[in-house]
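Keep the structure open as you read.

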There are 2 protein chains.
Amino acid sequence: MTALDSTAPVLVPPVLDRCRALVRPALSEAVGRLHPWVGEMAAYALGWCEVGGAPAAAPGGKGVRQALAVLGAEAAGAPGRAGVAAAVAVELVHTFSLLHDDIMDGDAARRRRPAVWKAYGTGPAVLAGDALFALAVETLAARPGGPAAVRTLSAALGDLVRGQADDLLFAARPWTGPEQVRPEEYRAMAERKTGALLGCAAALGAALGGTAGRTSAALDRAGRHLGVAFQIVDDVLGVWGDPAVTGKPVHGDLRERKKTFPVLVALRTPVAPRLAALLESGADPAAAAALIEEAGGRSAALAEARRHLAAVDAALAAAPLEAGAAADLRSLLDFLVRRDL
Amino acid sequence: MTALDSTAPVLVPPVLDRCRALVRPALSEAVGRLHPWVGEMAAYALGWCEVGGAPAAAPGGKGVRQALAVLGAEAAGAPGRAGVAAAVAVELVHTFSLLHDDIMDGDAARRRRPAVWKAYGTGPAVLAGDALFALAVETLAARPGGPAAVRTLSAALGDLVRGQADDLLFAARPWTGPEQVRPEEYRAMAERKTGALLGCAAALGAALGGTAGRTSAALDRAGRHLGVAFQIVDDVLGVWGDPAVTGKPVHGDLRERKKTFPVLVALRTPVAPRLAALLESGADPAAAAALIEEAGGRSAALAEARRHLAAVDAALAAAPLEAGAAADLRSLLDFLVRRDL
């Protein structure tokens with residue numbers, strides 16, 4: 001039995017709460033500078049309020065990116081508060097990207113609530129995303145110091161958008177044949193779409209914490225591999241995960257014909273024609289899941305995730321990180337991508 | 001007869017062509033760094049190509065913002081090329097904002113062609129706008145030098161988004177009563193939505209040209225007033241302009257129930273109830289136009305535009321600008337907002 005079958009409750013590491021509490025005042029202050037109408041949409045997207053402004057019943061995001069920024073500063077030997085501007089910027093960018101991605105992907109729900117575009121309309125959701133994006137840049141640019149931080153953020157923004165473009169285009173490509181999506185292409189997409197901002201968060205925190213060069217580069221590399229691992233584990237859960245734990249419908253990703261990593265691997269094996277037909281018809285996702293597993297898609301995905309987690313470890317081991325922060329970083333990684341894969 | 005009735009061809013000042021030629025290589029290079037699919041949407045939005053990538057038959061935008069950035073640098077005594085990074089950034093931001101605004105406003109056409117969201121789909125258009133936004137920040141941040149330029153751009157971005165939020169919310173407010181949109185609110189919206197980026201363009205060019213403080217501030221102020229004047233003249237043309245010159249349908253803004261400046265002024269006079277009924281029904285835009293003119297809406301709008309143009313002149317006169325650039329700036333302003341108002 002692997003962790004992915006387990007229904008044991010995952011313990012949220014205290015570091016997430018600690019970092020959220022540290023960042024929240026600055027994040028609230030930044031969001032408070034938005035146009036009030038746009039500010040409500042931002043607060044809704046952050047899980048702080050319901051439509052109309054009443055306090056939220058639902059929990060917000062885990063705050064992984066803000067925690068990485070704070071821990072990046074601490075890993076550099078600075079107090080966590082040195083990373084707060086980075087934490088605010090990456091959290092705003094993450095919120096912007098969820099908001100716009102839900103429009104592009106037509107996803108009507110996010111964290112068990114209507115997506116912003118469903119709750120407020122597409123036009124307002126586009127605007128709210130733009131406002132969060134501008135606010136992220138403004139927050140980081142307003143900080144005293146060199147322009148390197150803005151360069152780091154804008155490079156991650158570019159990657160984020162490129163990854164999303166790849167992801168959108170993958171949907172239009174055929175299951176098989178020379179135009180099929182190769183697992184390597186998926187990996188590059190996941191690194192851009194998910195890894196770049198995770199890496200940027202930690203590297204930016206470290207940079208604001210006063211270190212540059214080797215430590216920042218190592219944290220960026222760790223974050224990028226973490227992003228790929230996280231995405232692939234998410235894909236495995238999207239097919240074989242327990243809906244009670246994941247909160248997603250059984251075989252949801254198969255029903256939506258998503259070109260996830262285990263699917264792409266299985267499509268490189270002799271079962272490809274049968275699998276493609278099953279996926280295309282969408283009639284029997286359980287049979288498709290069984291065929292993907294039979295073709296080695298599940299085990300290859302887990303092996304790939306493990307490879308990227310090993311690369312995360314290697315990157316962290318190669319950098320001189322403050323011990324307490326390094327331990328917190330590891331507890332966060334364990335929580336994000338269960339190590340007993 | 002005022003210029004607004006004239007059908008005499010408006011002479012495009014050579015400064016626009018000169019600046020476009022100077023900026024084009026860097027702008028092409030920046031757009032070339034985008035994901036190829038996103039790059040095609042950007043090139044389409046810039047008027048460089050048709051859907052599919054064939055060279056464009058339609059002309060692109062005038063390139064006012066890039067010209068202001070180049071002239072800002074020249075006004076500071078630097079060669080125009082010093083302002084090119086600023087020109088690229090503001091042109092990318094402008095293209096981003098047109099792209100997203102057309103989605104929000106549901107405008108299906110732009111420069112007599114289908115808007116990007118009509119030609120490529122809403123999701124891809126959201127993505128292309130995001131990519132242009134990220135590229136603008138990246139372009140400016142990549143430039144050696146202090147972070148002040150990014151701060152100037154991000155402040156303008158914030159204003160742009162706030163102005164668009166106001167504009168969207170104005171549409172939902174009543175024609176009359178305590179909730180009606182006041183002309184002062186319209187002015188603030190136009191300054192943010194149109195003026196902020198014009199001011200930013202010239203100020204950023206001057207800053208990259210090596211001057212800061214008084215000259216940059218004066219150019220920013222001039223650009224902001226220009227934006228308000230331009231917007232109000234556009235409003236007057238949207239009701240009384242010659243479709244052969246404006247390329248817009250007669251009374252188009254009235255048919256679309258837009259809360260433009262002349263309308264808002266007329267709604268503060270005793271004709272308000274009659275005018276509100278006419279505007280609401282939309283049945284007789286010619287009668288609405290006549291009533292707005294009778295109530296002084298047209299003349300008040302022209303007076304307001306003249307006031308802002310005088311403020312542009314005052315701002316330019318107060319700053320130490322290189323003479324040739326100052327002359328070019330004035331020819332550009334004359335072209336944008338005909339002076340014989």
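In this predicted model, helix 8 (residues 183–208) of chain A and helix 9 (residues 214–240) of chain A have axes that come within 6 Å. The two axes cross at roughly 140 degrees. Helix 8 of chain A and helix 9 of chain A are therefore oblique to each other. Helix 8 of chain A passes helix 9 of chain A in a right-handed crossing.

Helix 8 of chain A also packs with helix 3 (residues 64–75) of chain A. Here the angle is about 30 degrees, and the axes are 6 Å apart. This crossing of helix 3 and helix 8 of chain A is right-handed. From helix 3 of chain A, the contact uses A:Val64, A:Arg65, A:Leu68, A:Ala69, A:Gly72 and A:Ala73. From helix 8 of chain A come A:Leu197, A:Leu198, A:Ala201, A:Ala202, A:Gly205 and A:Ala206.

Now turn to chain B. Helix 4 (residues 84–105) of chain B packs with helix 7 (residues 148–172) of chain B at an angle of about 20 degrees. Their axes are 12 Å apart. That angle makes helix 4 of chain B roughly parallel to helix 7 of chain B, because angles under 35 degrees count as roughly parallel. Helix 4 of chain B contributes eight residues by name: B:Ala89, B:Val90, B:Val93, B:Phe96, B:Ser97, B:Asp101, B:Met104 and B:Asp105. Helix 7 of chain B contributes B:Leu153, B:Leu157, B:Leu160, B:Gln164 and B:Leu168. The crossing of helix 4 and helix 7 of chain B is right-handed.

| Helix pair | Angle between axes | Distance between axes |
|---|---|---|
| Helix 8 and helix 9 of chain A | roughly 140 degrees | within 6 Å |
| Helix 3 and helix 8 of chain A | about 30 degrees | 6 Å |
| Helix 4 and helix 7 of chain B | about 20 degrees | 12 Å |

Helix 8 (residues 183–208) of chain B has 26 residues. At 1.5 Å a residue it should span 38 Å, and its end C-alpha atoms are 35 Å apart, which agrees. Where does helix 8 of chain B bend? The bend is at B:Gly195, by about 50 degrees. Helix 8 of chain B is mostly covered, with 20 of its 26 residues buried. B:Gly210 follows helix 8 of chain B and has a positive phi, near 105 degrees.

Helix 16 (residues 323–336) of chain A has 14 residues. At 1.5 Å a residue, helix 16 of chain A should span 20 Å; its end C-alpha atoms are 20 Å apart, which agrees. Which residues of helix 16 of chain A are buried? They are A:Ala325, A:Ala326, A:Leu329, A:Leu332, A:Leu333, A:Phe335 and A:Leu336. These buried residues pack against helix 1 (14–32), helix 3, helix 9 and helix 15 (297–318) of chain A.

Some single residues are worth a visit. A:Asp235 lies in helix 9 of chain A. A:Asp235 has a relative accessible area of 4%, so it is buried; the cut-off for buried is under 20%. Leaving aside neighbours within four places in sequence, A:Asp235 is in contact with A:Tyr186, A:Asp253, A:Thr260, A:Phe261 and A:Pro262. A:Asp235 and A:Ala188 are 47 residues apart in sequence and 15 Å apart in space, C-alpha to C-alpha.

B:Ala87 is in helix 4 of chain B. Is B:Ala87 buried or exposed? B:Ala87 is buried, with a relative accessible area of 0%. Not counting residues up to four places away in sequence, B:Ala87 touches B:Val23, B:Gln66, B:Ala69 and B:Val70.

B:Arg151 belongs to helix 7 of chain B. At 35% relative accessibility, B:Arg151 counts as partly exposed. B:Arg151 touches A:Ala141, A:Ala142 and A:Arg143, not counting residues up to four places away in sequence.

A:Arg111 is in the loop between strand 1 (109–110) and strand 2 (113–114) of chain A. A:Arg111 has a positive phi of about 50 degrees although it is not a glycine. A:Arg111 is partly exposed, at a relative accessible area of 33%. B:Arg111 sits in the loop between strand 1 (109–110) and strand 2 (113–114) of chain B. Phi of B:Arg111 is positive too, near 50 degrees. B:Arg111 counts as partly exposed, at 34% relative accessibility.

How values were computed:
Residues numbered from 1 in each chain as written. Chains lettered and ligands numbered in written order. Predicted model: local features only at pLDDT ≥ 70, side-chain atom pairs only at ≥ 80, totals over all residues. Heavy atoms only, no water. Helix = DSSP H or I, 4+ residues; strand = E, 2+ residues; numbered from the N terminus. Expected span 1.5 Å × (residues − 1). Bend = angle between axes of the 7 residues up to and from the residue. Buried < 20%, exposed > 50% of the residue type's maximum accessible area, 1.4 Å probe, protein only. Axes fitted to C-alpha atoms, helices over the stretch in contact; angles between N-to-C directions. Parallel < 35°, antiparallel > 145°, perpendicular 65-115°, else oblique. Left-handed = near helix turned anticlockwise from the far one by under 90°. Contact = heavy atoms within 4.5 Å.
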